[in-house]
Amino acid sequence: MTAAGYAFSPRGAVRMWQRNATVGRKTMVTTLTPRFVEAIAYLAIMGLGLGTYLTTVDGVDYVDFIAPGVAASTVMFGAVIETTYNSFVRIHVRRVVEAVVTTPLSLADVVVGEYLRAATRAVAYGCVFLAVMAAFGLVHSPLAVLVPLVFVVGALTFAVLGMAYTALVSNIEHYNIFYTGVLTPMFLFGGVFFPFSDLPGWAQVIGWCLPLSHLVAATRELTLGDAGLVTLAHVAALVALLLVVFPFPAARLRRTLLR
């Protein structure tokens, strides 16, 4: 399974990415605009609203604390949406994947192309949010220029996780379980709205097992100027998860599509 999942052609993957990007180009403005509005809404409602009652967290203004977390969660949702619902439609409804694998592109090329498309979309969302943060004066360190690189790693990680779930399901209704039972709890308990430091030990362990927690922490440390070796450790945790899960979707889909 591992060898098959990693054996892809970079050129073929880029071709698949180009195909999906071309199809999605017409909806680019309508896709990005809601993210811009959503960014402002989150900062206004959660940060400026709740922040009037809860002024500081870990010694920083509450709005400064949650803004990087919301940016990271935007990357997560952007990547997962692309490799869940959208990829499912291309695989099972429009049969795009079956058509593409009749060309010189392999199934692994197609799957990695899906990763790349999802990562592109998610990083664009995250960068829009980062621009909103900068406009609100919520970026406090020049190290924030490295945040898009962290977004790339996080986006690829969540793209792979979303695709792994897609490879397992045969009914689009199954995504209700994934979003309600996995993504929403991760969003609420992923360090976006409160730190883990004052939680019981067992809760901290669970919190740091969530990939979103590492993306949130790395983003927050870079925007607040607290980056260090721990930041690299957070990124390394995401890379490790990415590499472990990376080959599974292609191997699983190969068995599914050849049934």
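Which side chain meets E114 in a salt bridge? The side chain of R90 does, at 2.8 Å from N to O. The legends below describe this pair and other parts of the structure.

This is a predicted model, in which local features need pLDDT of at least 70, side-chain atom pairs count only at pLDDT 80 or more, and totals for chains, interfaces and linings use all residues. Residues are numbered from 1 along each chain as its sequence is written, and side-chain values use heavy atoms, with hydrogens and water left out.

**View 1**
A salt bridge here is a side-chain nitrogen of Lys or Arg within 4 Å of a carboxyl oxygen of Asp or Glu. By this rule there are four salt bridges. Side chains of opposite charge can pair when their charged atoms come close. R90 is paired with E114, and R90 also forms a salt bridge with E82, where the closest N and O atoms are 2.8 Å apart. Helices (H or I, at least four residues) and strands (E, at least two) are DSSP runs, numbered from the N terminus. Both R90 and E82 are buried; buried means under 20% relative accessible area, exposed means over 50%, and partly exposed lies in between (1.4 Å probe, protein chains only).

**View 1. The surroundings of E114.**
E114 belongs to helix α6. Its relative accessibility is 2%, so E114 counts as buried. Leaving out residues up to four places away in sequence, E114 touches M16, N20, T83, S87, R90 and M163. Contact means heavy atoms within 4.5 Å.

R95 sits in the loop between α4 and α5 (96-100). Its side chain meets that of E98 in a salt bridge of 3.0 Å, N to O. R95 is partly exposed because its relative accessible area is 42%, and E98 is partly exposed at 36%. Away from this pair, salt bridges that share partners join E82, R90, E114 and R121 into one network. What is the phi of R95? R95 has a positive phi of about 60 degrees, although it is not a glycine. Most residues other than glycine have a negative phi.

**View 2. D58 in a loop between two strands.**
D58 is placed in the loop between β1 (56-57) and β2 (60-61). Its phi is positive, about 55 degrees, and D58 is not a glycine. With a relative accessible area of 55%, D58 is exposed.

**View 3. V89 in helix α4.**
V89 is part of helix α4 (residues 62-93). V89 has a relative accessible area of 23% and is therefore partly exposed. Apart from neighbours within four places in sequence, V89 is in contact with R94 and R95. V89 and P211 are 122 residues apart in sequence, and their C-alpha atoms are 26 Å apart in space.

**View 4. The largest nonpolar core.**
A nonpolar core is a set of buried Ala, Val, Leu, Ile, Met, Phe, Trp, Tyr and Cys residues joined through side-chain atoms within 4.5 Å. The largest such core has 53 residues, and M76, F158 and L212 have the most contacts inside it. At least two residues of this core come from each of α3, α4, α6 (107-135), α7 (147-168), α8 (175-188), α10 (211-224) and α11 (229-245). Helix α4 gives the most, 13 residues. Another core lies apart from it, with 22 residues, among them M16, M163, V245 and A250. Setting aside neighbours within four places in sequence, F158 is in contact with M76, A79, V80, T83, M186, P211, L212 and L215.

T30 is exposed, because its relative accessibility is 56%. The C-alpha atoms of T30 and A237 are separated by 34 Å, and the two residues are 207 residues apart along the chain.

The structure holds zero disulfides, a disulfide being a pair of cysteine sulfur atoms within 2.5 Å. C127 counts as partly exposed at 29% relative accessibility, while C209 is exposed at 60% relative accessible area.
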